[in-house]
Amino acid sequence: MLKPDLHRLLKRQIANAGFLPEDIKKFESFFEVVNDAYKSFDEDVKHIEVILEESSNELYKLNKALKSQVDSVENELNTIVNTIEGVIFKTDIVGNFSYLNKAWEELFGVSVDEAIGKNYKDMLFGINDKEKKRINSLLRLKQQDYNTLFKYHKPSGELIWVQLRLVLIYDKAGNPTGTIGFMSDVTQLKETELELFKANKTKDEFLSTMSHEIRTPLNAVIGMSDILLMEQFLPEQLENLQVLKYSSEHLLALVNNLLDLNKYKSDEIKLNESDFSLIEIIQNIRLPFQKTATKKNLKFNCIVNGTIPAVLKGDALKLSQVLKNLLSNAFKFTHNGGVTFKVQVLERTDYSFKIRFSVKDTGIGVSYDKQKDIFKSFVQATENTSVLYGGSGLGLYISKELLKVQNSRLNLESKKGEGSKFWFDIEFKRSKTKREPITSKSYIRETEAINLKVLVAEDNRLNAMLLKKLFKKWEIEYVIANNGQELLDEYAKDDYNIILMDLQMPILDGYETTREIRKLSDPHKSQIPIIALTAFSESEVGEKLKNYKMDGYVSKPFNVNELHKLLKFYSANPKEAV
């Protein structure tokens, strides 16, 4: 007979199967085995349930601890992020804000809750259309990062400058899902930058104005000394005239150096390549320094190694200025021995010539610890150099900057008391022009007569007097007007071959006067060559001269021979521009 405490499942199965009592008795041992199996299984289930419950409790405790740690880290990160002065943000791929730290409210004056979910284009009113397109391009083209500066008007009306940087973020598959970025208030920095820009602009305007004011009387002084040297003078007056001319030209060089210094520091100097004769430049430089050498009882050797073509292509003006600066320094600091100026062809190809220029002297030399400093502006070899030898300390700095524009550098070898050697290498292009080099005669004052009728606008009495004397010597027919309006009145009465136009004049300046002339209905009158005659440098007025359709430029103080050459050109070619 089966035990009364059968397992519930076994009881249910026996009842459902409809076993007869004799069948139960017959299979009693089998049913006992099944009954024991069911009871054993229940014990196993209970054991597993206990284990699962214990594991669940452990997991609950671990999860609670982990959540506590996550909350702690999140709080720490939020504390750190919210104490950062800049705005940290996150957007989706179309630019909607999904996260902003508290700095957003302080910087932009809008609550975080109000900004979340809004697009940056709706919130950052200061970003202009161009910047919006750049950000859209970043999001669309999957660019790596973006950086910009923009103005933003707070709801209070306050204007601020904001620096923005953002980068794309990606999912595991490498697809961009949005951006993360940083914004900071750079208003103070930007306002300082604007103030510095204004200060620099004021400085530039001051230098430009002062240079004009200084150049104008210098033009008269240098010009008058040229005229005196062209006339008959007593032998004992020659030295006085030479001193007068040298001193005025030295002052002009100092003014030019100061102006050039300003240009170099603002990166305004550009390379201006054209055909030139290197032999002619060497001759032009050698002749005046030969006189200096004779006067100081020094030797001056000018050596050219290698065959130099008749014409090269490069910036002859900048090259000449560097060579003059180096030779001037060499003679200034040399009392015994001499100076050697050497030009050496290093390399030649079908397209270019690489040439080395060197100036070596037997002068006072430069100590090793000062050799780097002398290439700085306003720095000289010793504290008393300026007192003993004069000069501004700008020559080598300007030479270095001029060479930098020409992809070259100035080198120095020197020992104190044993002289110095400066050298540099420049690669000049071959020119397609074929002509023989011209022997320079620039040191001779031109007196050849010129058949020309000139109308001049010049309000400075001394400069007008200088032009009158020059025109008289060159037998030029001329009229000088005191301002632009006087020139227009005179031009209406008579015809001329060329107009020399001062730019700064009372009543009507040179620009407006030129505009009025170009508007004349008579093409013969309106197309007359007009040459700017001004104390402003060409870099300051060059673009404006083109806009007002002027035909050329002559700098004051002008070179007498260059002015003669210009007027002679228009005498032979009355309708051609320079």
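Author: Glu401 makes a salt bridge with Lys400, with the closest N and O atoms 3.8 Å apart. By salt bridge I mean a side-chain nitrogen of Lys or Arg within 4 Å of a carboxyl oxygen of Asp or Glu. One caveat: this is a predicted model, where local features need pLDDT of at least 70 and side-chain atom pairs count only at pLDDT 80 or more, while totals for chains, interfaces and linings use all residues. Residues are numbered from 1 along each chain as its sequence is written, and side-chain values use heavy atoms, with hydrogens and water left out.

Reader: Is Glu401 buried or exposed?
Author: Glu401 counts as buried, at 10% relative accessibility. Buried means under 20% relative accessible area, exposed over 50%, and partly exposed in between (1.4 Å probe, protein chains only). Lys400 is partly exposed at 28%.

Reader: What else forms a salt bridge with Glu401?
Author: Lys404 does, with the closest N and O atoms 3.5 Å apart. Lys404 and Glu401 are both in helix H13, 3 residues apart, which is about one turn of the helix. Helices here are DSSP runs (H or I, at least four residues), strands likewise (E, at least two), numbered from the N terminus. Lys400, Glu401 and Lys404 are linked in a network.

Reader: How many salt bridges in the whole structure?
Author: The search finds 16. Another one of interest joins Asp551 and Arg518, at 2.8 Å from N to O. Asp551 sits in the loop between H18 and S17 and Arg518 in helix H16 (residues 510-518), so this pair ties together parts 33 residues apart in sequence. Arg518 is buried at 17%, and Asp551 is partly exposed at 23%.

Reader: Switching topic, which residues have the most contacts inside the largest nonpolar core?
Author: Those are Leu278, Leu319, Leu327, Phe341, Ile355, Phe357 and Phe424, in a core of 38 residues. A nonpolar core is a set of buried Ala, Val, Leu, Ile, Met, Phe, Trp, Tyr and Cys residues joined through side-chain atoms within 4.5 Å.

Reader: And which elements supply at least two residues of it?
Author: Helices H10, H11 and H13, plus strands S9, S10 and S12. The largest share, 8 residues, comes from H11.
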